[in-house]
Amino acid sequence: MAILAKMLPQSTSVEKLGEEVKRRIFGTLKRSLYVLRVDTGSCNGCEIEIFAALSPLYDVERFGIRLVISPRHADALLVTGPVTRQYRAVLERVYRMTPDPKVVIAIGACACGGGVWYNSFAVEGGIDQVIPVDVYVPGCPPHPVAILQGILVALDVLKQKIEKVSYREEKPEEEWKLRPPLALLFERETLVKISWELYRDIMRTARKYLGYLYGVQLVKDYFALLSEVRTLGELREASKKIVEAWNRDPRIAQVVEELNKLVEKHFAQKH
Amino acid sequence: MGGEAEARKLLEKCVERLKELLPPDAIVDVKVKGKDRVYIEVKREYLPEALEKVYWELGGYLSSMVGTDDRSVDGHYRLYYIVSIEENVRHIQWKPWVVVYTKVPWDNPKFKSTTPKVPAASWYEREVKDLLGLEPTGHPDPRRLALPDDWPEGLYPMRKDFKFYERPPRQPKPYMFRPEKVSEGIVQIPMSPIHALADEPSQFRLFVDGERVVDVDYRMFYVFRGLEKLAEERFTYNQTSFLAERVCGICGYAHSTAYCEAVEDALDIEVPERAEYIRTIMLEVERLHSHMLNLGIACHLTAFDWGFMELFRIREKIMKVAEILSGGRKTYGMNLVGGVRRDIPKDKAKKVMELLKTVREEFKKALDVITSNELFLRRCEEVGILPKKVARALSVVGPLVRGSGLPRDTRYDHPYAAYKYIRVKPAVESGCDVFSRLMVRAREVLDALDIVEHALDQLPGGPILNEEKIELVEYAKGIGYDEAPRGENVHFVVIGKDSRVHKWRVRAATYNNWPALPYMSRDYTITDFPLIVASLDPCYSCTERVIIVDVKRKKTVTVSYARLVHLSRKVSQNPTHTPQLL
Amino acid sequence: MAFIKLIEHSSRRGVATHPYPEKPFEVDELYRGKPVLDASACIGCGACANACPAETIKVETDYGKGVRRWTIYYGRCIFCARCQEVCPVNAIELSREFELAAKNREDLTVVAEFKLGSCAKCKGYLDVSIRHVELAQKLLERSEIANIMQELARYMVMCLKCKRSFFVEKLGEATRG
């Protein structure tokens, strides 16, 4: 350490010095990175994803990243969990025991910001409340590849992909654009003028049968169709196209039938 | 269904028998709910007798115990003892749940402990004492069970007047483990939170004589996150389903399902059949990955890393299945109260079927190689014996109990979700050792593959979510249960105001299994210990929504180093030697 | 014998490892990754903030600046897609992006600000954004009970204070008259 400190240019900021040391160590040492896994009260989700990262499909060891079992051997700490009240002292001790320079990587939602427990009486709410963190890896749990990327970002092998986004509304009238399926309600002339209630019912039915994800997808398709047809007979005929597009799933046919019934009922009420 | 009438009859019989057994003024109120559950209110002074009769005379297993703070409602605390009647009624499809409860007034928070009569209640009562401040009088072991070391005295976090975000000042107090110097010749080996063999934070103390483990002491509460409190005050009932999923990262979906079932039971919400099938599919997918993980870890601990790598490679396909079905590898996020959130379209089902086919083939081959490996067998066979008798007395659950020859399986005993339609035969092995438990898991992997394939094939039509007619009935109570990969999970819910739960109690499988650990590890070597722990497949974070400390006291004897070395050598050279220290 | 079996079995395996990071790792097409807000569609209603179990999405009203501020911190996100499920305008969707490692906490945040509407009576700020009011008006026109709602539509552009005093006045009139 002392020799390294001499090698470095004089720097006013301690953090900067630390950064430089870290860079040189990993740049010049050219040896494997020893990693210690620290569980500070995690639910195990992140743990098994770290284990999965060791498995043949991801295989972190091909980068020379090796799990060790003692803080004294470690170069990097993979910390998971929200830091429970009881664990705080242990984490502080582990951090002190790990030789400098070290990298702390927070794995998972709990470690990055306390997760769902962030303001509970029994947790501290994230690793950075207790020790400094170098890299945050969000996810609940993170994908093994994301963990791998996190370690490589910490070593400056990979560049981070995410950055802060801010948006400010300048001209509210012009900037605002509705997205489908709601946009389709206002954009085109349709067979029946789709009222808000009908839209709501269609949406509800689709969700009830297919859930939020496939439901909205289907409603988008269905509204696109609705704006093309002119008569009810055409609607029935054309709705077969949707079923075709969804791999002829009998389930989709069932849901489309339900939606058709809704539209017909609505149409009958109007006339 | 014919089973329902039978179940009702049995339930009535249970209530009548209990009325006969107890003094006439003991029972205050009896409420039958549905086909298989009954809530019986007893007077406070008769609580131990009532529980004793239900437990021993009616043949019940204590599934959970809950204390609620109802002071804001009627000035009382309530204690619920949830007992599942299973003895001698194996043939009945829906076995009864008997809930014995009593009121404890706010100004006199004491009750007669039931532990002397029903030992299984010990931890539950100590937990109630710590978190709610209800004193079990006559409890044989009234020491602190819950809460961190530095938690102030007299502050009870589960009471309603404690806010979830409060962080009381620390009052550091060193925790008294078992006395530093124990009996002659016994060496303590601490396995602290950071340890090679402990995957999760906890502290084990192994007491060894030579190489032989003579006793185990464990203490965990490093994972106490206060989640039940959060659910009561911060989460709405639909959000809590996602919180429940984070009770445990391995069997989280089982917790989420049990929670939703509890709320659905309380509010009489009918879950669409398709949703029940989808839940079943996801539960079995979870069982697949969890069992493969456990088998892989067992291989790893016996230094047979080929097995670990191969099983984890196969397991990745299961993770892919979960990804296709739910969009997440581990946290599925599929459950809402009233059904599921995501449907399974035909093309996805087809993809999954293809993956499962390769998984089945590869798993069978891998299993063949693993079980024909002499080294692996020698490490697993005849190690960590849990006799049938002990398993029954401790009422352990999951592969642990099935590995000891007892056919307990919630999927069979209390059919839930689609197990009403798909009957499961419990996989039972009678070896009582680590190998038997591993084989139970291996068989369940193959069974689970069958179930997923069958359920995907037989998926019924209709909606998947029923959230239109949900009406929150205040203080309605419900029980939810399912068979997680590690055994039976039981959730108890009392519905509260503002679409929040009034009380939510999670009882995870491992909670019942921990007491078996000392029985299993005694008389084996230190190297076997991690394997035995792994065969229990513990889930620390499940158990530690609350805290467990189990410390036995022993006489303090000073022992010289020379004497210690002498004893160690002597014992290690003579494996048949039994020291009189025990 | 056992080891011959093992060697035979292993020799057929081949390479299982994915060549990440040389090649990007493909997750399933419906993987639940980073939630992305389409800020041009968002109305700042706060349904997502209400539903978020981790409370990582927050929507707050800043009367000083006259904006409704939507923020997310991906670090705490649990990727449950509840926000996507409850969004009335489908402005937030979970993408397949999952490599989210970042060196700064700030890099994991998104902030979007929407201007608050103004009260028709006192000209002060409303509690909701301009877009929110606009959407409500648009949908009201499309509603089957639009004619009944015409009268009530006036209150939509009133702030809470004015609404209160207006109703008290009306109530007074009604009891007197």
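Predicted model: local features only at pLDDT ≥ 70, side-chain atom pairs only at ≥ 80, totals over all residues.
I'll start with chain A against chain B. How much area do chain A and chain B bury between them? About 5300 Å², with 60% of that on carbon and sulfur atoms. If you want to look at particular residues on the chain A side, go to Arg85(A), Gln86(A) and Phe121(A). Those residues supply 17% of the area that chain A buries against chain B, more than any other three residues. Counting by contact, 57 residues come from chain A and 69 residues from chain B.

Now the polar part of this interface. There are 22 residue pairs in polar contact between chain A and chain B, counting pairs with both residues at pLDDT 80 or more. On the chain A side, at least two residues each come from β1 (33–39), α3 (45–54), α4 (88–97), α9 (196–226) and α11 (250–270) of chain A. Which element gives the largest share of the side of chain A that touches chain B? That is α9(A), with 8 residues. By class, this side of chain A divides into 31 nonpolar, 14 polar and 12 charged residues. Salt bridges across the interface of chain A and chain B come to 3. One of the salt bridges joins Glu124(A) to Arg170(B), where the closest N and O atoms are 2.6 Å apart.

Next, chain C against chain A. Here the two chains bury about 6000 Å² between them, and 56% of it is on carbon and sulfur atoms. Within chain C, the residues that lose the most area to chain A are Ala101(C), Lys103(C) and Arg142(C), and together they make up 13% of what that side buries. The contact takes in 66 residues of chain C and 69 residues of chain A.

How many salt bridges does the rule find across the interface of chain C and chain A? The count is 7. On the chain C side, the elements giving two or more residues are α3 (82–86), β5 (109–118) and α4 (130–142) of chain C. That side has 36 nonpolar, 9 polar and 21 charged residues.

Chain C and chain A also pair through strands. Strand β6 of chain A, residues 165–168, pairs with β5(C) in the parallel sense over 4 bridges. Within that pairing, Ser166(A) has Val111(C) as its bridge partner.

Last, a sheet in chain B. Three strands form an open, antiparallel sheet, in the order β13-β14-β15. β13 (477–484) and β15 (501–507) of chain B are at the edges with a single partner strand each, so one side of each has no neighbour in the sheet. On average, neighbouring strands here are turned by 15° against each other, direction ignored. Strand β14(B), residues 487–495, pairs with β15(B) in the antiparallel sense over 6 bridges. Within β15(B), Arg505(B) is the bridge partner of Phe492(B).

What packs on this sheet? Helix α7 of chain B, residues 252–267, does, touching β13, β14 and β15 of chain B. The direction of α7(B) makes about 150° with that of β13(B).

Conventions. Residues numbered from 1 in each chain as written. Chains lettered and ligands numbered in written order. Heavy atoms only, no water. Contact = heavy atoms within 4.5 Å. Buried area = accessible area lost by both parts, 1.4 Å probe. Salt bridge = Lys/Arg side-chain N within 4 Å of Asp/Glu carboxyl O. Polar contact = N/O pair within 3.5 Å; in protein donor to acceptor, adjacent residues only side chain to side chain. Nonpolar A, V, L, I, M, F, W, Y, C, P; charged D, E, K, R; others polar. Pairing = 2+ DSSP bridges. Axes fitted to C-alpha atoms, helices over the stretch in contact; angles between N-to-C directions.
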